[in-house]
Structure formats: C-alpha cells, structure tokens
Amino acid sequence: MPDGAVQQGLPVIDLADRGGGADLHRVAAEIRAACTGPGFFYIRNHGVPEAVIAAAVAASRRFFLLPEAVKVETRANLVHRGWHRAGGAVMEGATKPDLKEFFSIGLDLPEDHPLVLAGEKLRGPNQWPAAVPELRPAMEAYFAAIGACGARLLRAVAISLDLPAGFFDPFYGLPLQRTQAIFYPPQPADDTEGFGVAPHTDFGCITLLWQDDSGGLEVRERQSGAWIPAPPLPGTLVVNVGDLLGRWSNNRFASTPHRVVNRSGHERMSIATFYDPDFAAPIDPRALGAAQPAYEPTTCGDHILGRFAQAFAYRKSA
Ligand SMILES: O=C(O)CCC(=O)C(=O)O
Ligand SMILES: [Fe+2]
C-alpha cells in the first residue's frame, strides 16, 4: 500500500526514514491529518521486530492459559503491575465490566530507586510469574522496542503540532509507559451487551497497539458517530490519540472512542502500549502554544491516577 493510503477510512503512515529529514516532515503532515481527522491511524516500518512481537505474544498467551490460582500470584498491585483478572475494569459510562484480562508492565524501577523511596505513585518493579520464565525477557524486549517507536513517533507528533522535533523529549526521562498484553475470550454471537473493551477513550498521551488477526477493534467515526472496523493489517501497529494529548494540545488533537467486540469465535490477543510522559510532567496547553487554554494545568501522573481511580476495581478496594 503506498504512503498515505487509506484503509477503511484510517490512514496508513509509513515511518521508514530514507534519510535527509524530509520523511520526518512528510510523516508529521500525515499525522496531523490523521489526528485532526479520525484520531486513529496505522503505522508501518515501525521498527519493532516481528520476532520480538511473536515472542511477547507467545509468552503472554502461555501465561493467560494458566489456572487462575497461578495467575493470581502476580495479581495487579498498587503500581498497576501484574495480572488484571477479567471483570476488574469498567469503562466510563459502561454498564458491565470488560471481558478482557491483561498483564501490565511499566518502567522497572527497583524498590531502592529514589522515586520509589519518595513514594511517587505508579512507580516500582514489575511482577513476573515463575511459571512462565520466558515472559520477562519477551515482554522487556517488547517494552523497549515499542518505547523506542513511541519516542520516534512523538518527534513527528511534535512537528505536527508546530513544535520543535525534540519538544517531548524532556518530559520522557522516566516515562509512565504502560505496556499490557490483553486476552479476550470469544463472545457469543447473541451477546449484544458484552464488550471485550467497552467504548472508551484512552487515558494517556499516545497509544500504540499490536493486534492479532482476529479483528474486533472498532473506532467511532467523528462525523457520523458510526463504528468502523480497524482491522488487523500485517506489519502494522494501530496508533491513537489519548485524552492526555487532547488536553495538552488544547483539543487540536482529540481522542476518539473505540471498543473491542471479539466475534472471531476464538480467543483474541493484543498488546496495548500507553506511551505516557513522566509522572511529574506538567500538562499545560499553554506550553504547546494555546492562547486560550480550555484546561487547567495538571501533571501526567495526576491525570492518569484520576482515570485509574474511576476504571479499576483493584484501586477502589485499596
Ligand atoms: O485490544 C485492542 O484492540 C484495543 C485495546 C484498547 O482499546 C485499550 O486497551 O485501551
Ligand atoms: Fe483503548
């Protein structure tokens, strides 16, 4: 498919850098069109090796197929790391919890790291199951590769917002990147109320998603309100704008509701990465040039914690 080609209304952006810097500006222009349009796009030549993806998917699948009694040994802790059982997440406005379960990792900071000692929320080490020893190296490799892709993407996003390419770099020293392998059970065809993930917008800055070949991701079209499929395209990742970037950019870019309904008849897997800045990163639309900010300044961490408190049962019972 040629550069800028459109798949089901969602553009496919080629990140290949053929040198000379011109590609960065082409990519930025395509990102601007996508983020002021549907809010979702595909990227190809994203730099995450297929072998890294395959290993992360295989290891996390092995984990999800373990008995609950084993998985619960790494149940999600207060820094959001570990296994989140099905039923633990309710999207805003949804009547039922999501059908998905997921395994979440973040930046691996040891217990004696200054930020952990200082009690910064969502900071700490990852949790790993002894039963699947390959999960750690596989997910760590994926986390690093997808984080590098996120950093590269944000250079183009910065230009697309009329900012210097390196604008976001200082805010990503110790990113609140969350990478979660997600497992969706098949849904019966007559289930009209259940969702793998109910309609929602993502909480963070920018999301990078790998999905298997099951299909089931749907994106709300801004103009018509219709749900359009974002089908799997081999060799691509799906990228979308989250609420934090909407807020930071003073709505120049806006998050788009999306949902997952797994009607494939078999399990579905994906790996979502919320590529978010440092906990303390100031989110102030004025810093991105807004003359009349629609939002009060906040921090990335406070914004994310606010959304977590609404969505996740494990935080309510804590
Ligand atoms: O699994 C997917 O395709 C999408 C997941 C998603 O929207 C999310 O985790 O926020
Ligand atoms: Fe999402």
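I206 touches G150, L153, L154, V157, V239, V241, G242, L245 and Y275, leaving out residues up to four places away in sequence; contact here requires C-beta atoms, placed from the backbone, within 7 Å of each other. The model is predicted, and local features are given at a pLDDT of at least 70 and side-chain atom pairs at pLDDT 80 or more, while totals for chains, interfaces and linings use all residues. Residues are numbered from 1 along each chain as its sequence is written, and chains are lettered from A and ligands numbered from 1 in the order in which they are written.

I206 and I13 have the most contacts inside the largest nonpolar core, which has 78 residues. Such a core is a set of buried Ala, Val, Leu, Ile, Met, Phe, Trp, Tyr and Cys residues joined through C-beta atoms within 7 Å. A residue is buried when 20 or more other C-beta atoms lie within 10 Å of its own, exposed when there are 12 or fewer, and partly exposed in between, with C-beta atoms placed from the backbone. Helix α5 (residues 135-160) gives the most to this core, with 12 residues. Helices (H or I, at least four residues) and strands (E, at least two) are DSSP runs numbered from the N terminus. In soluble globular proteins, nonpolar side chains tend to be buried together.

Strand β2 (residues 10-14) has 4 of its 5 residues buried, so β2 is largely enclosed by the rest of the structure. Strand β3 (residues 40-44) runs parallel to β2 and is joined to it by 3 bridges; two strands count as paired if DSSP finds at least two bridges between them. Within this pair, D14 stands opposite R44 in β3. F41 also lies in β3 and counts as buried because it has 24 C-beta neighbours inside 10 Å. Residues up to four places away in sequence aside, F41 touches L10, P11, I13, A34 and V239.

Strand β4 (residues 82-84) runs antiparallel to β5 and is joined to it by 3 bridges, in which W83 has F103 as its bridge partner. Strand β6 (residues 178-184) is likewise antiparallel to β5, with 5 bridges between them; here the bridge partner of I105 is T179.

A further group of 4 strands forms an open sheet in the order β7-β12-β9-β10, with antiparallel pairing. At its edges stand β7 (197-200) and β10 (227-229), each with a single partner strand, so one side of each is left without a neighbour in the sheet. The twist averages 25 degrees from one strand to the next, where axes are lines fitted to C-alpha atoms, for helices over the stretch in contact, and angles run from 0 to 180 degrees between N-to-C directions. Strand β9 (residues 217-220) pairs with β10 in the antiparallel sense over 3 bridges, and R220 stands opposite W227 in β10.

R268 is found in strand β13 and counts as buried, with 25 C-beta neighbours inside 10 Å. Apart from neighbours within four places in sequence, R268 is in contact with Y184, G196, D212, S214, G216 and N262.

Two loop residues complete the account. D162, in the loop between α5 and β6, has a positive phi of about 65 degrees although it is not a glycine, and D162 is exposed, with 12 other C-beta atoms within 10 Å. N250, in the loop between α6 (243-248) and β12, has a positive phi near 55 degrees and is likewise not a glycine; N250 is partly exposed, with 19 other C-beta atoms within 10 Å.

Terms used
Two residues are in contact if their C-beta atoms, placed from the backbone, lie within 7 Å.
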